[in-house]
Amino acid sequence: MAGRPRNPPTIVPPNEVMDVQEIRLETWCMETLLPELVNTDVVLQWCARRKLIANHKTCQLCHQQCSLGRYGQGVDGRRWACDACGSRKSVRDGSFFAKSHLTIKQIILMVYCWSHDMPQKIIQHETKINRRYSIDWCNFLREEC
């Protein structure tokens, strides 16, 4: 059949999703983390491998498998779409990132910097997040821990 290729049903192949033990054994430094954050697609793959976002989505309305499509108006440039009923969901739906307007890259960098006790000014500079959001996120992370 000619035409546009179908959007993929997963962000990464299922065999690339890590188990909890593999995730726990990982160690990161800025040098190894930054290449994983080079663009939105790489960030989404990194998150899906670590179960930080869903690697696949089932439509809540018709229970069909969704596909991952491009969405230029969203901060992530991708969203889940149900071809059967037309329902749409954010790629962040149901995740730690769901209610934020920051990029996932900014949030990951924020968590990394915060977890290494970096000063607020450094966190703001490295993540390009303004003072108010930086303070809110650091307070949120402290409460979560």
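Modeller: Helices here are DSSP runs of H or I with at least four residues, numbered from the N terminus. The model is predicted.

Biologist: In what order do the elements of the protein run from the N terminus on?
Modeller: The protein has six helices and three strands. From the N terminus on, the order is α-α-α-β-β-β-α-α-α.

Biologist: What does the C-alpha trace of the protein span along its principal axes?
Modeller: The protein has 145 residues, and 33% of them count as buried. It exposes about 9,500 Å², with carbon and sulfur atoms supplying 52% of that area. Along the principal axes, the C-alpha trace spans about 55 × 30 × 30 Å.

Biologist: Which helix gives the most to the lining of the largest pocket?
Modeller: The largest pocket has a volume of about 570 Å³. Its lining has 19 residues, and those closest to the centre are Trp46, Leu52, Ile108, Val111 and Tyr112. Two elements give two or more residues to this lining: helix 6 (131-144) and helix 4 (104-115). The top contributor, with six residues, is helix 4.

Biologist: How many residues of the lining of the largest pocket are nonpolar?
Modeller: Four of the lining residues are charged and one is polar. The nonpolar residues number 14.

Biologist: Is Lys57 buried or exposed?
Modeller: Lys57 sits in the loop between helix 3 (40-49) and strand 1 (67-70). A residue is buried when its relative accessible area is under 20%. Lys57 has 14% relative accessibility, so it counts as buried.

Biologist: Which side chain does a polar contact join to that of Lys57?
Modeller: Leaving out residues up to four places away in sequence, Lys57 touches Gln64, Gln65, Cys66, Trp80, Lys89 and Asp93. A polar contact of 2.8 Å links the Lys57 side chain to that of Asp93.

Biologist: Which residue caps the N-terminal end of helix 3?
Modeller: Look at the backbone nitrogen of Asp41. A side-chain oxygen lies 3.1 Å from that nitrogen. The oxygen belongs to the capping residue, Asn39.

Biologist: Which residue takes a positive phi just after helix 3?
Modeller: The phi there is about 60 degrees. The residue is Lys51.

Biologist: What does the cover over the buried residues of helix 3 include?
Modeller: The buried residues of helix 3 are Val43, Leu44, Trp46, Cys47 and Ala48. An α-helix has 3.6 residues a turn, so residues three or four places apart point the same way. The cover over the buried residues of helix 3 includes helix 2 (30-33), strand 2 (78-81) and helix 4.

Methods: Residues are numbered from 1 along each chain as its sequence is written. This is a predicted model: local features need pLDDT of at least 70, side-chain atom pairs count only at pLDDT 80 or more; totals for chains, interfaces and linings use all residues. Side-chain values use heavy atoms; hydrogens and water are left out. Buried means under 20% relative accessible area, exposed over 50%, partly exposed in between (1.4 Å probe, protein chains only). A polar contact is a pair of N or O atoms within 3.5 Å; within protein, one must be able to donate a hydrogen and the other to accept it, and residues adjacent in sequence count only if both atoms are side-chain atoms. Contact means heavy atoms within 4.5 Å. On a 1 Å grid over the protein atoms alone, a cavity is a set of points where a 1.4 Å probe fits but cannot get out, and a pocket is an open set with protein on both sides within 12 Å along at least five of seven lines; lining residues have an atom within 4 Å of a point. Grid points are joined across faces, edges and corners, and a volume is the space filled by probe spheres set on the points. Ala, Val, Leu, Ile, Met, Phe, Trp, Tyr, Cys and Pro count as nonpolar, Asp, Glu, Lys and Arg as charged, and the others, Gly among them, as polar. Accessible areas come from the Shrake-Rupley method with a 1.4 Å probe; for residues, only the protein chains shown count as cover.
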